[in-house]
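Please look over the structure below. The report then takes up a surface patch, a helix pair and some backbone details.

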Amino acid sequence: MAAAAATSTAFGSRILPSAARATSALSLTSRSFSSSPSSSSSLKCLRSSPLVSHLFLNQRRSSVCLSARGFSAASTPKGSASDPEQLKSAREDIKELLNTTFCHPILAGSHVESNPTLHDLMRINYGLDHLTYPSWVRLGWHDAGTYNKNIEEWPQRGGANGSLRFEVELKHGANAGLVNALKLLQPIKEKYSGLTYADLFQLASATAVEEAGGPKIPMKYGRVDVSGPEQCPEEGRLPAAGPPSPADHLREVFYRMGLNDKEIVALSGAHTLGRSRPERSGWGKPETKYTKDGPGAPGGQSWTVKWLKFDNSYFKDIKERKDEDLLVLPTDAVLFDDPSFRVYAEKYADDQEAFFKDYAEAHAKLSNLGAKFDPPEGIVIDDGSSKPAPEKFVAAKYSTGKRELSEAMKQKIRAEYEAIGGSPDKPLQSNYFLNIMIVIAVLAFLTSLVGN
């Protein structure tokens, strides 16, 4: 907890370095690179990467204000939602940042520790010791996970509204360490001023899962940001790691969000990514054979052997509990101890495809909790075009009493027709039983008329 407090203190005074400091550090790095061909190659990559150039060389444009009010939201007009094209571009920058570090893949054998000067620059200025896959998944979850289904008003109900950028919420115990994830995302937010924090957090979270090998998540965007720290939820809405009754605690927290047992277990599977550091959370070992050499800053205890790969190994390892170097929290163990949870945990341990399917649905649902969307139906960016999500058909909206149907109504009818197999060139197959019943009914009606 002392480490967390120190982090918060440093966080309050400096989020990103000044332009002068960044320039000075880069100048020093340039001199150290000149001594070897491989170093020159790395520097060339640093200069040529559009994202890295923005992160390191355009600091004046991405200066950050964080005092009592947290990250500056001046670039996003109050109440506005995200721009679709900027969402697409931001996603590509997120992918680049996830998968490259000065042209060295984060998951490859060549780590930045091989050049201390470059490593120091990354660690001090941008927190790249704290790898981004698990951090960004956690960031999106913790912004959305404050939702309370029993509160109707926005933003009092909590949820995915960008409130996690404010210092008052970042100081919540459950959010310890998330400053590093925010520091990495802030230059992207400054680059794309038409992007809300609420969308950025969820975009980074879903993209991190997908880039780590996980399922494609059916996301939508258009979330509106809260405007000030006074709109942050109170502390205590997020789950704890070691409650007295783990099953009851998980249900209390997740049922409050409107989630069920299957979704609780599926979402728990995201612990396949990342590690726990005892100096922050009070849980886990200082280091294990899986974390002592990084990547990133060494140390911590992971739930899985390959803790930067998204798969179903979390459930397999929790079920077996044979490796003392793998973390098992009380809220992990209960997934196989509780009869209802165990049904899904056993299923996911045996069937990764089933886990991926249920996880993708649960993650998408979680990311929408409590959010206010503009437009109300949200924005989809995964189908090759930036367009609103399909509007749910409501017949009353088109019942005008006019003989001529509106174009919108015609399109709705056509879509419904095509959805069940019909098309202008392919008539629907006849239902012979129904046709016979109609004929019999018509004959009976005519017979009764003749009889009368």
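A nonpolar patch on the surface is formed by L434, I438, V439, V442, L443, F445, L446 and L449. Together they have about 740 Å² of accessible area. One of them, F445, sits in helix α19 (residues 432–451). Patch residues have over 30% relative accessible area and no salt bridge; like charges are joined within 9 Å, nonpolar side chains (Val, Leu, Ile, Met, Phe, Trp, Tyr) within 5 Å. A salt bridge is a side-chain nitrogen of Lys or Arg within 4 Å of a carboxyl oxygen of Asp or Glu. Accessible areas use the Shrake-Rupley method with a 1.4 Å probe, and for residues only the protein chains shown count as cover.

This is a predicted model: local features need pLDDT of at least 70, side-chain atom pairs count only at pLDDT 80 or more, and totals for chains, interfaces and linings use all residues. Residues are numbered from 1 along each chain as its sequence is written, and side-chain values use heavy atoms, without hydrogens and water.

Helices (H or I, at least four residues) and strands (E, at least two) are DSSP runs, numbered from the N terminus. Now the helix pair. Helix α10 (residues 197–211) packs against helix α17 (residues 352–368) at an angle of about 170°, with the axes 11 Å apart. Axes are lines fitted to C-alpha atoms over the stretch in contact, and angles run from 0 to 180 degrees between N-to-C directions. The two helices are therefore roughly antiparallel (over 145 degrees). From α10, Q202, S205, A206 and V209 make the contact; from α17, Y359, H363 and S367 do. Contact means heavy atoms within 4.5 Å.

Most peptide bonds are trans.

| Cis peptide bond | Omega |
|---|---|
| W154 to P155 | near 5° |
| D374 to P375 | about 5° |

P155 lies in the loop between α7 (132–144) and α8 (167–170). P375 is in the loop between α17 and β3 (379–380).

R321 is not a glycine, yet its phi is positive, about 50°. R321 lies in the loop between α14 (313–320) and α15 (330–337).

Methods: Parallel < 35°, antiparallel > 145°, perpendicular 65-115°, else oblique.
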